[in-house]
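Here is a friendly walk through one chain, written to be read with the structure open beside you. Start wherever the text points, and turn the view as you go.

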Amino acid sequence: MPRRQPTVTVPDLTGKRAVVTGASDGIGLEIAARLAAAGAEIVLPVRNPAKGSAAIAEIRRRTPSATLSLGSLDLSSLESVATFGAGLRRDGAPIHLLINNAGVMTPPDRQVTTDGFELQWGTNHLGHFALVAHLMPLLRAGRARVTSQISVAADSGAINWDDLNWERSYDGMRAYNQSKIAFGLFGLELARRSQQHGWGITSNLAHPGVAPTSLLAARPEVGRSRETVGRRLIGALSARGVLFGTAASAALPAVLAATLGEDGGFYGPSGPGHLGGSPAEQKLYSRLRPEDEAARVWRTSEELTSTSFAQLR
């Protein structure tokens, strides 16, 4: 018997503009496809134009009437983030939905971004932090809903404040934990500051559970020549409908958060261990609750990225 696929009802998004990072494959592509099917205009900022074009072709295969465009964005380069943001600001169209979905996970050896940050810290958190800052005028104009994609990894580990770039002792998984904790704290702080300053932005969090995606696949660009054993196991169980989700089901918490989720809410799969299943609101991880820690992440991120929300809002 075919497995019953989770679903979510998406409201009509005709006339809305959505920016989805990491939409060239996997979960991001599925998020973009669902929003496009609901009528949204989708901007796909990608690092690889060929993969981006293939993603557009796939979305148009599913929704021939979809309005789609590509942008050039490398979240591991603050210059690229600034250039992409400036281009959209020149275009001037308000942004109604921003889904911060792209990410890298556990390079086997320590790598750094163009700006010298540990790759996961610099890409998963700092790159997206700077992106939101550069897009602030358009987000405010669209009274945008911003959803930041974190991970079950944010439920363990800590921010390594004494060595944010893991220069003294690199642990790929702990560095990944840090990037997702910081990113979650930022998303919640964005909700608080928007309320405090009247920015008109709704900000919340989602996590996809666990699904067979390219995060743990062979990725030469992060030094992984073959897929991990864990990726093979996840793929085998997902194919049998056991425990883990698929790329399509793993996209649904972010789709729910971005279209219907509450300000400051947290959404993920509702199955065993929150690893798969239908999307639902989640209990906030303990590491994402301290508001003083979130304020520290915000201040530190502004300093490291040389980005000021005060100037760009």
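Gly 277 touches Pro 6, Pro 269, Ser 270 and Gly 271, leaving aside residues up to four places away in sequence. You will find Gly 277 in the loop between strand E7 (266-269) and E8. Its relative accessibility is 29%, so Gly 277 counts as partly exposed. The C-alpha atom of Gly 277 is separated by 7.1 Å from that of Ser 249, although the two residues are 28 residues apart along the chain. Please keep in mind that this is a predicted model.

Ser 24 lies in the loop between strand E1 (17-20) and helix H1 (26-37). Is Ser 24 buried or exposed? With a relative accessibility of 18%, Ser 24 counts as buried, because the cut-off for buried is under 20%. Beyond residues up to four places away in sequence, Ser 24 touches Leu 29, Val 46, Lys 51, Gly 52 and Ala 55.

Now step back to the whole chain. It has 11 helices and 8 strands, and 57% of its 313 residues count as buried. Taking contacts between residues at least 6 apart in sequence, 75% join residues at least 24 apart.

Next comes the sheet. It is an open sheet of 8 strands with mixed pairing, and the order is E3-E2-E1-E4-E5-E6-E7-E8. Which strands stand at the edges? They are strand E3 (68-72) and strand E8 (279-281); each has a single partner strand, so one side of each is left without a neighbour in the sheet. On average, neighbouring strands of this sheet are turned by 20° against each other, direction ignored.

Helix H3 (residues 78-91) touches E1, strand E2 (41-46) and E3, and its direction makes about 170° with that of E1. Helix H6 (residues 172-197) touches strand E4 (97-100), E5 and E6, with its direction at about 155° to that of E6.

The buried residues of H3 are Leu 78, Ser 80, Val 81, Phe 84, Gly 85, Ala 86 and Leu 88. An α-helix has 3.6 residues a turn, so residues three or four places apart point the same way. What covers the buried residues of H3? The cover includes E1, E2 and E3 as well as helix H4 (119-134), helix H5 (136-141) and helix H10 (291-305). After H3 comes Gly 92, whose phi is positive, near 85°.

Finally, the aromatic rings. The structure holds 10 aromatic pairs, and two of them are set out here.

| Ring pair | Centre to centre | Angle between planes | Kind |
|---|---|---|---|
| Phe 129 and Trp 298 | 5.7 Å | 85° | edge-to-face |
| Trp 298 and Phe 309 | 4.5 Å | 45° | tilted |

The pair of Phe 129 and Trp 298 is edge-to-face because the planes stand at 85°, and planes over 60 degrees apart count as such. This pair links distant parts of the chain: Phe 129 is in helix H4 and Trp 298 in helix H10, 169 residues apart. In the other pair, Trp 298 lies in helix H10 and Phe 309 in helix H11 (residues 309-312), so parts that are 11 residues apart in sequence are tied together.

Ring pairs link Phe 129, Phe 183, Phe 186, Trp 199, Trp 298 and Phe 309 into a cluster.

The charged end of Arg 296 sits over the ring of Trp 161, 3.9 Å from the ring's centre.

How values were computed: Residues are numbered from 1 along each chain as its sequence is written. This is a predicted model: local features need pLDDT of at least 70, side-chain atom pairs count only at pLDDT 80 or more; totals for chains, interfaces and linings use all residues. Side-chain values use heavy atoms; hydrogens and water are left out. Helices (H or I, at least four residues) and strands (E, at least two) are DSSP runs, numbered from the N terminus. Buried means under 20% relative accessible area, exposed over 50%, partly exposed in between (1.4 Å probe, protein chains only). Contact means heavy atoms within 4.5 Å. Two strands pair if DSSP finds at least two bridges between them. Axes are lines fitted to C-alpha atoms, for helices over the stretch in contact, and angles run from 0 to 180 degrees between N-to-C directions. Rings of Phe, Tyr and Trp (its six-membered ring) pair if their centres lie within 6.5 Å; planes under 30 degrees apart count as stacked, over 60 as edge-to-face and the rest as tilted. A charge sits over a ring if NZ of Lys or CZ of Arg is within 6 Å of the ring centre and within 35 degrees of the ring normal.
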